[in-house]
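The following report describes a structure for a reader who has the sequence and coordinates at hand.

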Amino acid sequence: MENKEVKRDLSEASQQEMLLKERKANSAWRKLRRNKSAMFGLILVVFVTLFSLVGPFIYRVDPAAMDFLKVNAKPGTPGLPLGADNLGRDLLARLIHGGRVSLIVAVGGMAVGAVIGILAGLISGYAGGKVDIIIMRVMDGMSAFPFTLLALMLMTALGAGIENVILSIGIASVPGYARMARGQVLVVKNEEYIKAVKAFGASNSRILFKHLLPNIVSSLIVYATLNVAGAILTEASLSFLGMGITPPDVSWGAILKDGQDVIRSASHIATYSGLAILITVLGFNLLGDGIRDVLDPKMKK
Amino acid sequence: MNKEPLLKVDNLKTHFNTATGIVKAVDGVTFSLDSGQTLGIVGESGCGKSVTSSSIMRLLPKNGHIVEGSILFEGKDIVKLSQKEMLQIRGNEISMIFQDPMTALDPVYTIGSQIMEVINAHQKMSKGEAREYAVKVLKMVGIPEAEKRLKSYPHEFSGGMRQRVIIAMAIACNPKLIIADEPTTALDVTVQAQVLGLMKNLQKESNSSIILVTHNLGVVWKMCDTVMVMYAGKTVEYADVKMIYSDARHPYTWGLLKSMPKVTDDPNIPLASIPGTPPDLKLTGGSCNFHNRCKYCQEICKNKCPEMKEVEPGHFVACHFSKEELVEMERRGGND
């Protein structure tokens, strides 16, 4: 560690220096660096992201090319590092391309849910009264359905396609964000600095987006990170049930479904796709927990 | 000189609707304030001091309404202005200093950007100009190395320094009126005097008026020109600060003055206090609000709410009895 001895005097300059040092050491990034499990999560997330985003440029194999001579080929077969699936398609290429879709769907779904949900929660919490009642009753109605069931129903209504998967996962996760944001707004809006900002002549929209949102954003980041993990699982469940990603697109959930039929004869298909999901979800969960430790001082030991 | 006072509050009534009835938090408050003058509002907790100042800012909670009276600020009735017009007044012509400097600054922004936000909300200035101006105000309130401190966050300041920053924000747009709601209550005694002195100096330079809400009668003596004593939502006495100290007329004011501890007091004698508690503000209005705690209470006090009377020029009292009558009662042994 960098424990260079500071010159010990009480001059303004060295106090200033101390302040800067402290600020640097306590920055969110530094704190995250000190958190081992969060760093492990981050490494997993970065690995999976690189795997599926850069992978296609290094491992140039068409994930849709079928070779019926190699159906269910075991891992290690020459030219097939992870074997082939039930239609003789290269499993590694499929995992790489499937990861792309899974991650895009998860992050996209998170973004859709977060934007709509946070906006609804902010307005609901700040306005109060009738507006609050109406928005929150709608959210209650939505969360009365199990998450996956709601996403499934939306998929049925919207039809297949990557955009629709993103949209339905996003909409299904709106109530969670809205509740979270509203709860935080109710706490923060009674803080004296919000009153002070009002007394200095700030308009409602300014208070909402410049003062309330930044003050609640840390807990929302945590929630969103954990939500990405959930979205990956939801996408996998949807695809597994045949309501999500449809061929020729691939996703991890879709590969898992392909592997299900042949799980006794070719277990590697389900194993590797399941492992990919596991690693990603674990990564996001550890990262989310770590970010919470860093951003929420009340959780500190 | 303009004869019209800067702020003239006339029979202001602010009520709150609650599940159990109407809370008359402010129920007839009258005072006026000239430019460059300081008014002290004193009274115990819950007597409507803060609601009076929120009413002037028009920053009442949703269930609070100004039901009667007027607040004339430079001749305009604030009660009748729209919320949009109020945005231009808040922070610009009337601004506020808060009780607790530890919580009155937004923790996620540097103090520089917070001061500049106030400036930009009301004045057309480029970013650079606003920055320079922010440094200038910070220097005015005595923050050392103002230039560097612009980039500091609120948690990097001590309480006294933060209160200075809040004062800087309050004076940034040269307001004509500053409402200070117990500005020194949360500060160390050693810092209190500094902050009060600073406010006094800034007032001299800018000729702005101050409304000082406080519990502390010593602060009133040091800072104020006129004093309004409030009790249970009403003005009970309003006068020049010297008159209040030398010639108070209302039994409640006497009680307040008596309960002020002095260094010269004999430590073996218990501190004086006013027995009893203020009435429930949902039940006030039909009688003198102070009658259940007043040792001079008579039949009329229980049945009739006293009117404000001008007993001498500039000295208003709301009591059924004159000072002479009260003194006479005291001589005969209090309640008879």
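## Overall architecture of chain B

Chain B holds 12 helices and 12 strands, where helices (H or I, at least four residues) and strands (E, at least two) are DSSP runs numbered from the N terminus. The radius of gyration of chain B is 21 Å, close to the 20 Å that the globule rule gives for 336 residues, so chain B is as compact as a globular protein of that length. That radius is taken over C-alpha atoms, and the globule rule is 2.2 Å times the number of residues to the power 0.38. Along the principal axes, the C-alpha atoms of chain B fill a box of roughly 70 × 50 × 45 Å.

The model is predicted: local features need pLDDT of at least 70, side-chain atom pairs count only at pLDDT 80 or more, and totals for chains, interfaces and linings use all residues. Residues are numbered from 1 along each chain as its sequence is written, while chains are lettered from A and ligands numbered from 1 in the order in which they are written.

## Burial and contacts in chain B

Of the 336 residues in chain B, 42% are buried. A residue is buried if 20 or more other C-beta atoms lie within 10 Å of its own, exposed if 12 or fewer, and partly exposed in between, with C-beta atoms placed from the backbone. Among contacts in chain B with a separation of 6 or more, 66% join residues 24 or more positions apart; two residues are in contact if their C-beta atoms, placed from the backbone, lie within 7 Å.

B:Ser209 lies in strand β8 (residues 209-214) of chain B. B:Ser209 counts as buried because it has 23 C-beta neighbours inside 10 Å. Beyond its neighbours within four places in sequence, its contacts include B:Leu6, B:Leu7, B:Leu33 and B:Lys176. The C-alpha atoms of B:Ser209 and B:Leu7 are separated by 9.1 Å, although the two are 202 residues apart along the chain.

## Contact between the chains

The contact takes 18 residues from chain A and 23 residues from chain B. On the side of chain B that touches chain A, β6 (94-97) and α3 (111-122) each supply at least two residues. The most comes from α3(B), with three residues.

## Annotated span in chain A

An unreviewed UniProt entry lists residues 99-288 of chain A as "domain: ABC transmembrane type-1"; such annotations may be inferred rather than shown by experiment, and positions are given in the numbering used here, with feature names shortened. This span is 84% helix and 0% strand, and its end C-alpha atoms lie 20 Å apart.
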